[in-house]
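Biologist: I'm new to this one. Could you show it to me and walk me through the terms as we go?

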Amino acid sequence: MDGSHKDLKIVNLYELGREELGEFVFGLGEKRYRAQQIWGWMYEQRVDRFESMSNLPQATLARLNETATLGSLELIVRQHSGDGTEKRLYRLHDGQLIESVLMPYDDDRMTACISSQAGCAMGCVFCATGQMGFGRNLTAVEIFEQAMIFARELAERGQRLSNIVFMGMGEPFHNYDSSLEAVRQLMARLKIGARHITISTVGLAPQIRRFADEGLQVKLAVSLHKTEDEQRSALMPVNKRWNIDELLDACRYYVAQTSRRITFEWAAIAGENDTDAEAQRLGQLLSGLLCHVNIIPLNPTGGYTGVPAHSARIERFCRVLRGYGVSSTVRVRRGLDIDAGCGQLITAVMQKDQVG
């Protein structure tokens, strides 16, 4: 690039909608129809290099290379688990770090777990991300691009990205507008159906109500983990702002507005929330509500002394819930042989001083 272009702003094309891309291409002196060709290469062919856009002239490719990029995430570390789970650590343009995970399942589902924030402000004591504090909100494109990368790589293997869960770093409803815009981009650009997208929240009651009014078929998961306010507040400080009664009122509103089942996430912690008494209280709280409970043995972190509940204890917990008409599923922890838990890879890498 010669000196006349030294102050030229480099544009991430994923930040542009169709019309914006048309204006950008026209501003380069190209015919507007080139934008449609570029759009197809980006989202149908899912290429990661302008040189792969084989029906564009060399002069057009040169202009694109001078003025634009396809994405902004910088891959720092990649991990592969024996169960097929893949973990990524990315650096953002300002040095912030985020994680995303790809999880394969036996029914051929390929699920991407993506982050909505760098760090997290919610402070859940058992979560590695909560322990590291809050960096900043991600833009919609930074959220979207995590899934885009997995979709592209899967396409190269002859596979497809089938599901998205907003269960990575951060609280999606604390970054509500960008998270919802990312959802719309996932649906429009990657053709992921709304019912194959799940947003997980620690319980921001007003945003749950707002989400209920969006008219989307996107799934909702709520991290609950305790049935009494004092104990839940100790685990999840957000409960001091919106307690269990307020949270469940918002959940009932969501079900009433959408007629959709809500999922409650339950990190099973030995001696903390795996007892018969806790299961009975949970059954009483949720009885009659259109819902399901996902029970996942705690993923231990260095900043929390709790340990995973025993499998026999979890099975008994599920039996108690069934007695109240509440369905539940025990989820297998993924990537146990790598740093697959939310925030764990950043912690491990920082401890090894691998990131400058």
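Modeller: Let's begin with aromatic pairs: rings of Phe, Tyr and Trp (its six-membered ring) pair if their centres lie within 6.5 Å, and planes under 30 degrees apart count as stacked, over 60 as edge-to-face and the rest as tilted. Tyr-14, Trp-39, Tyr-43 and Phe-144 form one aromatic cluster. Keep in mind that this is a predicted model, where local features need pLDDT of at least 70, side-chain atom pairs count only at pLDDT 80 or more, and totals for chains, interfaces and linings use all residues. Residues are numbered from 1 along each chain as its sequence is written, and side-chain values use heavy atoms, with hydrogens and water left out.

Biologist: How many aromatic pairs does the rule give?

Modeller: The count comes to nine aromatic pairs.

Biologist: Why is the pair of Tyr-43 and Phe-144 called edge-to-face?

Modeller: The ring centres of Tyr-43 and Phe-144 are 6.2 Å apart and the planes are at 65 degrees, so this pair is edge-to-face. Tyr-43 sits in helix H2 (residues 33–43) and Phe-144 in helix H5 (residues 140–156), so the pair links parts of the chain 101 residues apart. Helices (H or I, at least four residues) and strands (E, at least two) are DSSP runs, numbered from the N terminus.

Biologist: What makes Tyr-43 count as buried?

Modeller: Buried means under 20% relative accessible area, exposed over 50%, and partly exposed in between (1.4 Å probe, protein chains only). Tyr-43 has 4% relative accessibility, so it counts as buried. Phe-144 is at 0%, so that residue is buried too.

Biologist: And what kind of pair do Phe-173 and Tyr-176 form?

Modeller: A tilted one, with 5.5 Å centre to centre and 40 degrees between the planes. Both Phe-173 and Tyr-176 are buried.

Biologist: Which residue lies over the face of Phe-144?

Modeller: That's Arg-189, at 5.8 Å from the ring centre. A charge sits over a ring if NZ of Lys or CZ of Arg is within 6 Å of the ring centre and within 35 degrees of the ring normal. Arg-32 lies over the face of Phe-26 in this way, at 4.1 Å from the ring centre.

Biologist: How do you know that H2 is mostly covered?

Modeller: Eight of the eleven residues of H2 are buried, including Trp-39 and Trp-41. Among the elements covering them are H1, H3 and H5, where contact means heavy atoms within 4.5 Å.

Biologist: Where are the buried residues of helix H3?

Modeller: Thr-60, Leu-61, Leu-64 and Thr-67 are the buried residues of H3 (residues 58–67). They cover an arc of only 140 degrees around the axis, so they lie on the same side of H3. The arc is that of the directions from the helix axis to the C-beta atoms.

Biologist: What makes S3 and S14 edge strands?

Modeller: The open sheet has ten strands in the order S3-S4-S5-S6-S9-S10-S11-S12-S13-S14, with mixed pairing. Strand S3 (74–80) and strand S14 (327–330) each have a single partner strand, so one side of each is left without a neighbour in the sheet. Two strands pair if DSSP finds at least two bridges between them. Strand S12 (residues 262–268) and strand S13 (residues 291–297) are joined by seven bridges and run parallel.

Biologist: Is Asp-108 buried or exposed?

Modeller: Asp-108 has a relative accessible area of 68%, so it is exposed. Its phi is positive, about 75 degrees, although Asp-108 is not a glycine.
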